[in-house]
Amino acid sequence: MAAQIVVGYDGSENSDRALDWAVREAAATAAPLRVVVSMGRPVAVDPSLYGPFLEAIEEEADKVAATAVGRAREQGVEAVAVVERGDAAGVLVEESRGAAVLAVGRRGRHGVRGRLGSVSAAVAAHAACPVVVLPEGWDPGAAPRPGTAFDGRVVVGVDRLGRDNPAVQAAARWAEDHGLGLVLLTVIPEALSMPTASADLDRAVREQLVGPAQAMVDQVAAAVRADRPGLEVTTAVLSGAPTDRLVDAGRPAALLVVGSRGYGGFRGLLMGSVSQAVLNDGRGPVMVVPSRRKD
């Protein structure tokens, strides 16, 4: 039996999307599903005064959990629900220690429109397992856009860490387990691909940039193919803003995978700027893989 899938659920529309994704994943992998509902931080109150209020909160949390379990069982997936008292992000991070993957909606009940929710941001930054964040408007039944190199595939951002990047390893494993192709994508930053006054010079500069970038992803692709001979692996080298290119690639992809911190991460920075931006702007499922870097 596969390791369990954990989903954070609070009854909001965004957590509904996370639940839908987790149920589909559990059905596809025969993995047990664990639904986690947080009641919020514990507070010290006089039960004689606030007892009915606390009981109402507990009753509502139990109903939310039961609803999630019922929806999973309707899809033929056995699920268990746990209701825990504590900060939602802290509860989910603790739950991540025994999970294969943890799913959350991009914004919960108290998220700010257009920005990454505080819970999803904290979980993605601190979780011990890969975290899949489902954005607003994600439709699990929507057909992917035809005619793109990323259509229905797993796309992973590649940096100079190459095959040693845990995101690459996680993406390859996920693609193989689900019978999907893998795209290794690297981006030449916009600042390095600005046009000059000479077309010939532009071409020469681009060739100097593209060549090493292509060689890097080709090397990673060769290593992945050697580890997983049956996996279809393709590469892509694009130019522009890394965030924009990754977000564009993630729209038709089955899954976009990034590391929590890339090669250029600074000491003490919990999530890289590209990872944060992709989570904010992504239009499909985004998996954030812990970097496990010491510095």
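In this predicted model, 10 strands form an open sheet. Their order across the sheet is β3-β2-β1-β4-β5-β10-β9-β6-β7-β8, and the pairing is mixed. Strands of a sheet pair through backbone hydrogen bonds, either parallel or antiparallel.

Which strands stand at the edges? They are β3, residues 79-84, and β8, residues 233-240. Each has a single partner strand, so one side of each is left without a neighbour in the sheet. On average, neighbouring strands of this sheet are turned by 25 degrees against each other, direction ignored.

Let us look at one pair in detail. Strand β2, residues 33-38, pairs with β3 in the parallel sense, over 6 bridges. Within this pair, Arg34 stands opposite Val80 of β3.

Next, the helices on the sheet. Helix α1, residues 13-29, packs on the sheet and touches β1, β2, β4 and β5. The direction of α1 makes about 170 degrees with that of β1. Helix α4, residues 118-126, also packs on the sheet, where its contacts are β4, β5 and β10. The direction of α4 makes about 160 degrees with that of β4.

How many residues does the largest nonpolar core have? The number is 52, and those with the most contacts inside this core are Trp21, Leu33, Val156, Leu182, Leu184 and Val257. Helix α5, residues 166-178, gives the most to this core, with 7 residues. Leu184 touches, among others, Val156, Val168, Val217 and Val233, leaving aside residues up to four places away in sequence. Finally, a second, separate core of 31 residues includes Val123, Val183, Leu185 and Leu246.

Terms used:
Residues numbered from 1 in each chain as written. Predicted model: local features only at pLDDT ≥ 70, side-chain atom pairs only at ≥ 80, totals over all residues. Heavy atoms only, no water. Pairing = 2+ DSSP bridges. Helix = DSSP H or I, 4+ residues; strand = E, 2+ residues; numbered from the N terminus. Axes fitted to C-alpha atoms, helices over the stretch in contact; angles between N-to-C directions. Contact = heavy atoms within 4.5 Å. Core = buried A, V, L, I, M, F, W, Y, C linked by side-chain atoms within 4.5 Å. Buried < 20%, exposed > 50% of the residue type's maximum accessible area, 1.4 Å probe, protein only.
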